[in-house]
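Here is a quick walk through one protein chain, meant to be read with the viewer open.

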Amino acid sequence: MRSMTTFDLQYAHRFYGFKGEAQYLHGHTGTLTIEVEDTINEGVNMVFPCNEIKKTAWDVLRNFDHALILREDDPLLPAVLDVYTKQGIRHGHPQNTMKGEAFKTELATAYPDCRLVVTKETMTVEGFIKIVYDLLKDKLNIVKITFSSGDNKGSADFAPRGTMDRCPLCGIALNEQGICPKCGYKKK
Ligand SMILES: [Zn+2]
Ligand SMILES: [Zn+2]
């Protein structure tokens with residue numbers, strides 16, 4: 001069975017080199033849905049607590065919220081960084097507190113200090129789904145990701161990656177030692 005979670009992300013981007021209005025900088029509220037598949041965890045009668053899926057995903061994905069997302073070869077990138085540097089906000093600001101952990105993958109690099117994500121490919125809904133799966137595939141048994149942004153909507157299915165040991169009291173994944181990081185339950 002599946003557990004699903006949905007959340008909104010507000011971001012600015014553009015399609016560099018695209019022959020349409022999307023080549024101009026603009027913003028969206030995008031809605032992301034993540035579906036996680038596993039057996040029913042007998043103790044709690046759920047696959048996975050949705051608030052825990054959201055927490056795990058949001059730790060990483062908040063980097064995209066209220067962020068500017070530019071492709072690595074976009075000439076706006078050095079221009080924006082130049083302005084941020086001159087303004088003294090390139091490496092953070094005391095009021096920039098709602099930050100995620102910085103990350104760098106093959107597909108994207110997050111610079112939370114200046115709310116910027118640099119992507120290898122254009123940040124379409126399809127591009128974002130690839131980035132999200134890549135960031136979260138080892139943390140969650142993701143079988144489907146859906147992302148909608150303006151008139152654009154995309155989804156992708158992924159092969160289930162087997163079952164995870166979960167706490168029968170909290171429902172969350174046990175660590176490598178078989179211990180629940182939330183309540184301390186230990187697998188016998
Ligand atoms: Zn757009
Ligand atoms: Zn527990």
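Predicted model: local features only at pLDDT ≥ 70, side-chain atom pairs only at ≥ 80, totals over all residues.

Which residue in S5 is the bridge partner of Thr-109? It's Val-118.

**The hairpins**

Thr-109 and Val-118 are one bridge pair in an antiparallel pairing of S4 and S5 that runs over four bridges. The two strands make a hairpin, with four residues between them. Arg-115 sits in the loop between S4 and S5, and its phi is near 50°, which is positive even though the residue isn't glycine. Is Arg-115 buried or exposed? It counts as buried because 24 other C-beta atoms lie within 10 Å, where the cut-off is 20 or more.

Further along, S6 and S7 also form a hairpin, this one with two residues between the strands. Their pairing is antiparallel over six bridges, and Thr-146 has Ser-155 in S7 as its bridge partner. Gly-150, in the turn, has a positive phi of about 60°.

His-66 is another non-glycine residue with a positive phi, near 55°. His-66 belongs to the loop between H1 and S3. With 14 C-beta neighbours inside 10 Å, His-66 counts as partly exposed.

| Strand pair | Bridges | A bridge pair |
|---|---|---|
| S1 and S2 | 12 bridges | His-13 and His-26 |
| S4 and S5 | four bridges | Thr-109 and Val-118 |
| S6 and S7 | six bridges | Thr-146 and Ser-155 |

**The sheet**

Now zoom out. The chain has three helices and seven strands, and along the sequence they follow the pattern β-β-α-β-α-β-β-α-β-β. An open sheet of seven strands has the order S4-S5-S3-S1-S2-S6-S7, with mixed pairing. Strands S4 (108-111) and S7 (152-157) stand at the edges with a single partner strand each, so one side of each has no neighbour in the sheet. On average, neighbouring strands are turned by 25° against each other, ignoring direction.

S1 covers residues 2-13 and S2 covers residues 26-37. Helix H1 (residues 50-61) packs on the sheet and touches both S1 and S2. The direction of H1 makes about 25° with that of S1.

Tyr-111 counts as buried, with 21 C-beta neighbours inside 10 Å. Setting aside neighbours within four places in sequence, Tyr-111 is in contact with Ala-102 and Leu-116. The C-alpha atoms of Tyr-111 and Gly-100 are separated by 9.1 Å, and the two residues are 11 apart along the chain.

H3 has 12 residues and reaches 16 Å from its first C-alpha to its last, close to the 16 Å expected at 1.5 Å a residue. Its buried residues are Val-125, Gly-127, Phe-128, Ile-131, Val-132, Leu-135 and Leu-136. Seen down the helix axis they fall within an arc of 155°, so they line one face of H3. An α-helix has 3.6 residues a turn, so residues three or four places apart point the same way. What covers the buried residues of H3? The cover includes S2, H1, S4, strand S5 (116-119), S6 and S7.

The largest core holds 30 residues, and Ile-34, Val-36, Phe-64, Ile-69 and Val-132 touch the most other members. At least two core residues each come from S1, S2, H1, strand S3 (67-71), S4, helix H3 (125-136) and strand S6 (142-149). H3 gives the most, with six residues. In soluble globular proteins, nonpolar side chains tend to be buried together.

Leaving aside neighbours within four places in sequence, Phe-64 is in contact with Leu-9, Tyr-11, Ile-69 and Val-117.

**The whole chain**

Last, some overall numbers. The C-alpha atoms fill a box of roughly 55 × 35 × 25 Å along the principal axes. Of the 188 residues in the chain, 27% are buried. Among contacts between residues at least 6 apart in sequence, 55% join residues at least 24 apart.

Technical notes: Residues numbered from 1 in each chain as written. Chains lettered and ligands numbered in written order. Pairing = 2+ DSSP bridges. Axes fitted to C-alpha atoms, helices over the stretch in contact; angles between N-to-C directions. Contact = placed C-beta atoms within 7 Å. Core = buried A, V, L, I, M, F, W, Y, C linked by C-beta atoms within 7 Å. Buried ≥ 20, exposed ≤ 12 C-beta atoms within 10 Å, placed from the backbone. Expected span 1.5 Å × (residues − 1). Arc of directions from axis to C-beta.
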